[in-house]
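Have the structure open while you read.

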Amino acid sequence: MNKWTACGVIAVGAVLLGLNVSEALPSPYSIFAVLAGTGLLVEGVRRIYQLRRLQGSQNSKDLPG
């Protein structure tokens, strides 16, 4: 997963949580929106953190010394 896909996952999670907060979804679906939205947000943030750690370790290997 690249950075833009992870950002897209975060955006979809935020939209689902926003729909729940604005009460645009009927009651049974709001539970699924919260669960799915939170899961997507966590997964997206975890992927971005993982990508940054990977880039940081690659950049430190490129440095002389």
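Ser-30 sits in helix H2, which covers residues 27–62. Keep in mind that this is a predicted model. Is Ser-30 buried or exposed? Ser-30 comes out as buried, because its relative accessible area of 15% falls under the 20% cut-off. Leaving aside residues up to four places away in sequence, Ser-30 touches Asn-20 and Leu-25.

Ile-31 is also part of helix H2, but Ile-31 counts as exposed, since its relative accessibility is 52% and the line for exposed is drawn at over 50%.

Now over to helix H1, residues 3–21, where you'll find Cys-7. With a relative accessible area of 32%, Cys-7 is partly exposed, as that value lies between the 20% and 50% limits. How far apart are the C-alpha atoms of Cys-7 and Val-21? They're separated by 21 Å, with the two residues 14 apart along the chain.

| Residue | Relative accessible area | Class |
|---|---|---|
| Ser-30 | 15% | buried |
| Cys-7 | 32% | partly exposed |
| Ile-31 | 52% | exposed |

Finally, the rings. A pair of aromatic rings is described by how far apart the centres are and by the angle between the planes. In this model, there are 0 aromatic pairs to describe. There is a charge over a ring, though: Lys-3 lies over the face of Trp-4, 5.1 Å from the ring centre.

Conventions:
Residues are numbered from 1 along each chain as its sequence is written. This is a predicted model: local features need pLDDT of at least 70, side-chain atom pairs count only at pLDDT 80 or more; totals for chains, interfaces and linings use all residues. Side-chain values use heavy atoms; hydrogens and water are left out. Helices (H or I, at least four residues) and strands (E, at least two) are DSSP runs, numbered from the N terminus. Buried means under 20% relative accessible area, exposed over 50%, partly exposed in between (1.4 Å probe, protein chains only). Contact means heavy atoms within 4.5 Å. Rings of Phe, Tyr and Trp (its six-membered ring) pair if their centres lie within 6.5 Å; planes under 30 degrees apart count as stacked, over 60 as edge-to-face and the rest as tilted. A charge sits over a ring if NZ of Lys or CZ of Arg is within 6 Å of the ring centre and within 35 degrees of the ring normal.
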